[in-house]
Amino acid sequence: MVNNKLPMSRQAFEKLTAELDHLKKVERPLIIAEIAAARAQGDLSENAEYHAAKEKQGMLEDKISELEDKIVTERTQREQLEARLRLIETRFAGAGAPTE
């Protein structure tokens, strides 16, 4: 299957990885603390703070997963593109074409 999607810019890729890093290192611990504080209040079945924090955690984990998928896809596309370019360079060099 050929993916004709162009790779994202380096700036966009760095922004994506920075966002992922922030979600994992800052947001995730905050939500874990919220869940722990809500859990400490007692009965979880009627604890709105606990349920809200768990929902927030689920949305955060979905976003983290989405960003990780985008990053892996982008890295794979870049690696494939680089491999194709190396192949082209090798073919042209082998054919006696001038290389710069």
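This text walks through the structure from its overall build to single residues.

The model is predicted, so local features are described only at pLDDT of at least 70 and side-chain atom pairs only at pLDDT 80 or more, while totals for chains, interfaces and linings use all residues. Residues are numbered from 1 along each chain as its sequence is written, and side-chain values use heavy atoms, with hydrogens and water left out.

Start with the fold. The protein has two helices and zero strands. Both kinds of element are DSSP runs, numbered from the N terminus (helices: H or I, at least four residues; strands: E, at least two). Next, look at contacts, meaning heavy atoms within 4.5 Å. Take those in the protein with a separation of 6 or more: residues 24 or more positions apart account for 66% of them.

How much is buried? Buried residues make up 16% of the 100 residues in the protein. Here buried means under 20% relative accessible area, exposed means over 50%, and partly exposed lies in between (1.4 Å probe, protein chains only). The accessible surface of the protein comes to about 7800 Å². Carbon and sulfur atoms hold 56% of that surface. These areas come from the Shrake-Rupley method with a 1.4 Å probe; for residues, only the protein chains shown count as cover.

Now go inside. In soluble globular proteins, nonpolar side chains tend to be buried together. The largest nonpolar core here has 13 residues. Such a core is a set of buried Ala, Val, Leu, Ile, Met, Phe, Trp, Tyr and Cys residues joined through side-chain atoms within 4.5 Å. Among the residues with the most contacts inside the core are Leu20, Leu23, Leu60 and Leu67. Helix H1 (10-39) and helix H2 (48-94) are the elements that give two or more residues to this core. H1 gives the largest share, seven residues. Follow Leu67 across: leaving aside neighbours within four places in sequence, Leu67 is in contact with Leu16, Glu19, Leu20 and Leu23.

Is Glu74 buried or exposed? Glu74 lies in helix H2 and is buried, with a relative accessible area of 1%. Its side chain reaches the backbone nitrogen of Met8 at 3.0 Å. Beyond neighbours within four places in sequence, Glu74 is in contact with Pro7, Met8 and Phe13.

Turn to the charged pairs. Side chains of opposite charge can pair when their charged atoms come close. A salt bridge is a side-chain nitrogen of Lys or Arg within 4 Å of a carboxyl oxygen of Asp or Glu. The whole structure holds seven salt bridges. One of them joins Glu61 and Arg28, with the closest N and O atoms 2.8 Å apart. This pair links distant parts of the chain: Glu61 sits in helix H2 and Arg28 in helix H1, 33 residues apart. Another joins Lys25 and Asp21 (3.1 Å, N to O). Both lie in helix H1, four residues apart, about one turn of the helix. Lys25 is exposed at 60% relative accessible area, whereas Asp21 is partly exposed at 36%.

Finish at the loop between H1 and H2, where Leu44 lies. Leu44 counts as partly exposed, at 28% relative accessibility. Not counting residues up to four places away in sequence, Leu44 touches Ala38, Arg39, Tyr50 and His51.

Conventions. Polar contact = N/O pair within 3.5 Å; in protein donor to acceptor, adjacent residues only side chain to side chain.
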